[in-house]
Amino acid sequence: MKRYSALLVTVCGVVAALMPSGPVAAAPVSPQPDRLVVRTGTVPAHFTVSSFNVLGSSHTAPGGRHARMASGVKRTRMAIRLLEKTSVDVVGLQELQSDQREEFVRVAGDRFAMWPQNDLTRRNVQNSLAWRTAEWELVEGRSVGIPYFEGEDWDMPYVLLRHRESGVTAWFANFHAPSTSKSRRGAATWRAEGRTRQMALVNRLVDQTKTSVFVTGDMNEREVYYCAMAGGAPVKAANGGQVDDAGCTPPPNPMPVNWILGVKGGGSFSNYVRDDSTLVNKITDHYVVRADVWIRRGRVTDSAPLS
């Protein structure tokens, strides 16, 4: 567990309540005050964030394209072991099917909490956020509609978490974009629309809450995703890259389709890892990416935004 000294912080302002618009569907934890009281923290928050496509159970069931791998339930136990081994504090999980979520909750117990928490469906659990409860607590959970296969909107999560020791708060969002296949050739159109909505969400959170924002996900795109997001929102990638007046320079290869992004000025990345270890290869057909984050002067909230 990461430990920090607590220092007195100074009240510096009030940020207007976050009012989603467009495709954003609010799913607040509970009714909240009509103002978000914010202070600037001087105690840094240090944590590890990961993007993890866990490979849905149906893919390793009999007849699935990875039927030789262990069941989704067994692989979920391995996934928790990997999170513990690598000291991940916040993780965006993609393809987490219902039986895998149930096993995650059963095995992780109170070590991790998850969003969404209520009104669970086959669809909305597939993109879940989980965080280590000893380090973080939930301030508010919401969802946003993102196009998936056939252009249907799936609810995908974003949460405001408070770092327990420092009091620093940050938004975390997790997405999964549809892949292109012989039977689903129009997926690029829906990925483009998904990018547009992700950019809009990040920009809205930054503008209205002045709080750090982190994005994880399986975007099923490499250079296209990075250049669009870094060009349309104030974000940087944990694995590098740059967008400026001269154009877009993507992160170096090999470049996974799994991403970790953060708002510029909202924290610094280090120790980026593209994990394809033996344990990872037993769990999933994707790399598992993770990075350390420092937020040195983050926002500290006393209450949650109005839903």
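Which loop does K210 lie in? Select K210 and you'll land between α4 (187-209) and β11 (212-218); helices (H or I, at least four residues) and strands (E, at least two) are DSSP runs, numbered from the N terminus. This is a predicted model, where local features need pLDDT of at least 70, side-chain atom pairs count only at pLDDT 80 or more, and totals for chains, interfaces and linings use all residues. Residues are numbered from 1 along each chain as its sequence is written, and side-chain values use heavy atoms, with hydrogens and water left out.

Stay on K210 for a moment: its phi is positive, about 55 degrees, although it is not a glycine. K210 counts as partly exposed, at 48% relative accessibility (buried is under 20% relative accessible area, exposed over 50%, partly exposed in between; 1.4 Å probe, protein chains only).

Next, pick N271 in strand β16 (residues 268-275). N271 also isn't a glycine, and has a positive phi of about 55 degrees. At 54% relative accessibility, N271 counts as exposed.

Now for two prolines. W115 and P116 are joined by a cis peptide bond, with omega about 5 degrees; look for P116 in the loop between β6 (112-115) and β7 (127-132). Another cis bond links N253 to P254, with omega about 0 degrees, and P254 sits in the loop between β14 (247-249) and β15 (258-263). Most peptide bonds are trans.

Finally, zoom out. The protein has six helices and 18 strands, and 54% of its 307 residues count as buried.
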